[in-house]
Every structure is written in structure tokens, then in C-alpha cells.
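Biologist: I have a model open and want to learn how to read it. Can we take the features one by one?

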Amino acid sequence: MIIIKTLEEIEIIREGGKHLATVLYKIKEIIKPGISTKDLDIYAEKLIRDLGDTPAFLNYRPEGASRPFPASLCVSVNDEVVHGIPSKKRILKEGDIVSLDLGLKHKGLFTDMAITVPVGKVNMINQKLLEITEQVLQVGIDSASLGNTIGDISNSIESFIHSRKDNKYGIVEVLAGHGVGRAIHEDPFIPNFGKKGTGEKLLPGMVLAIEPMINLGTKNVTIDNDDWTFRTADRKNSAHFEHTILITEGEAEILTTNF
Ligand code: MG
């Protein structure tokens, strides 16, 4: 069942979203060759706690997971799609692309956001991948207007990616967007592919995390021995952008923004 948030809850989630965007953009600023992915995680946790909030992913253990996630920030480099575990040994280098996925709990309510960032100068193919993935997130958000359905969001993302002429991008299918707010993952499941007009109708007060994961090659992914890190099956690079949004009477409102 999709939870409709109260006005009071929406106000808190809006505040939390502002915090989250502020934190994530501060992490983005320190990305450079030579920094370890663990350094990014330590900084993320400090920034969140300084705001009086709680990291949502630290020790998060979804149903079926063999062990809880051991960090605040998911850091996924190059062919890692999502849920990369930060490590002192993993040093970013010029030309990498790095996905930062972060959730926080503010006054008891959750928000979720991700960006993918270039490390130093990246090649044209990777630059394009980042642009396309950020663009398709906005396409999905634009389609999340009143009167539309979950399937309309899914379909808009799929159509945009599959109409690209520059490359045959893969859309990750085993992971999806989701409702968010009272928990970090709530109903509904929001795939990044699907048919127009299918699924639940969008209603004002729904809070959703939209999160396309786009690959340079195959849509297929594998999971590492750490039981968390998703990686592309062909080891080509992947990008991920995510916003938490509010369904309104008109266009959707992006909640994970600090503008
Ligand atoms: Mg998410």
C-alpha cells in the first residue's frame, strides 16, 4: 500500500531533503584523485550527524540480506552499479566515475538521493553517460504528474534511454525506485522500464524515490562476494542519479534539493 503523507510529514521530509542535498553536494566537492572511498563515507556520516540527523543506510539490513550495510554512504566506482562498500584501500583515480548514494533520517522521516560524479577529467563516453542518466532522472520526474501512474514514470525512463542514438545503453532491471518517508523503502516498486498507464495512480502526498541506473553496455548485473556490491555483468561503467520527490496537484516537487 502506498502511504499518503500528512502535511506535517511532508514539511519534515522537505527539511530532511534539503539537509540531504546539502550533504551530498559537500561530499561531491571533495572528490578528487587520491581520496579513498572510506574518506567520503567518514565525511558523509560527520556531516549528517552535525545536522542532528541519522544516516539511513548504516547497519541497514533489508529482508534477505546476509549482513547489514556497514557504512553511511554507498560508493560505487565505474562498473559498480550501486551499494559499493567504502574502503580505505579503494583510492579514486583520474578518469573514474563514482556514484554516491545516501539516505538520512530527519525527525524520524527518511529521504534518499544519489549522484554520479566524475573524478578529475573523464572521457567523452563516460561524460555522456553521466549527462544521459541525470537527464533521464528529470524525464522520470517530469512524468510524475497528477493523473499519471507509476507505469508512466517507468515508461518515460525506458523510452528516453532506448531512443538514444549515440549508444545502446542498458537499463538495470533488478533494482528500482520506491516509496520513501516513514521507512527508507516503502511501496510502490518503481522499475525504470514498463508500460504506460499501468500500476498505481499517482496521488498528492505520495513521496517517491526515482532512481534510474544506466549502463554503458548490458543491463545485466552481478553481485560481489561482499553480498552488497552490484556490478555490471560486462564490467562496463554504470551511472545512477536519484531524487526524492513529492506528488502534488500539478508537477512533482523535488524534495532533495538545497536551492
Ligand atoms: Mg533509493
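Biologist: How many bridges join strand 9 to strand 14?

Modeller: In general, strands of a sheet pair through backbone hydrogen bonds, either parallel or antiparallel. Here four bridges join strand 9 (residues 207-210) to strand 14 (residues 243-246), and the two run antiparallel. Two strands count as paired if DSSP finds at least two bridges between them. Helices (H or I, at least four residues) and strands (E, at least two) are DSSP runs, numbered from the N terminus. Within this pair, Leu-208 stands opposite Ile-245 of strand 14.

Biologist: What may I trust, and how are residues counted?

Modeller: This is a predicted model: local features need pLDDT of at least 70, side-chain atom pairs count only at pLDDT 80 or more, and totals for chains, interfaces and linings use all residues. Residues are numbered from 1 along each chain as its sequence is written, and side-chain values use heavy atoms, leaving out hydrogens and water.

Biologist: What is the strand order in the open sheet of five strands?

Modeller: The order is 8-7-9-14-15, with antiparallel pairing. Strand 8 (186-190) and strand 15 (253-254) are the edges, each pairing on one side only. Helix 4 (residues 150-162) packs on this sheet, touching strand 8 and strand 9. Contact means heavy atoms within 4.5 Å.

Biologist: Which protein donors hold the magnesium ion?

Modeller: Donors are N, O and S atoms within 2.8 Å of the metal (3.2 Å for Na, K and Ca); water is not among the atoms, so sites may look incomplete. Here the protein donors are Asp-112 (OD), His-178 (NE2), Glu-211 (OE) and Glu-242 (OE), lying 2.1 to 2.3 Å from the ion. Asp-112 sits in strand 5 (residues 109-118) and Glu-211 in the loop between strand 9 and strand 10, so the pair ties together parts that are 99 residues apart in sequence.

Biologist: Is Asp-112 buried or exposed?

Modeller: Buried means under 20% relative accessible area, exposed over 50%, partly exposed in between (1.4 Å probe, protein chains only). Asp-112 is buried, at 2%. Glu-211 is buried too, at 7%.

Biologist: How far apart are the end C-alpha atoms of helix 3?

Modeller: The expected span of a helix is 1.5 Å times one less than its number of residues. For the 19 residues of helix 3 that gives 27 Å, and its end C-alpha atoms are 27 Å apart, which agrees. Its buried residues include Leu-129, Val-136 and Ile-141.

Conventions. Axes are lines fitted to C-alpha atoms, for helices over the stretch in contact, and angles run from 0 to 180 degrees between N-to-C directions.
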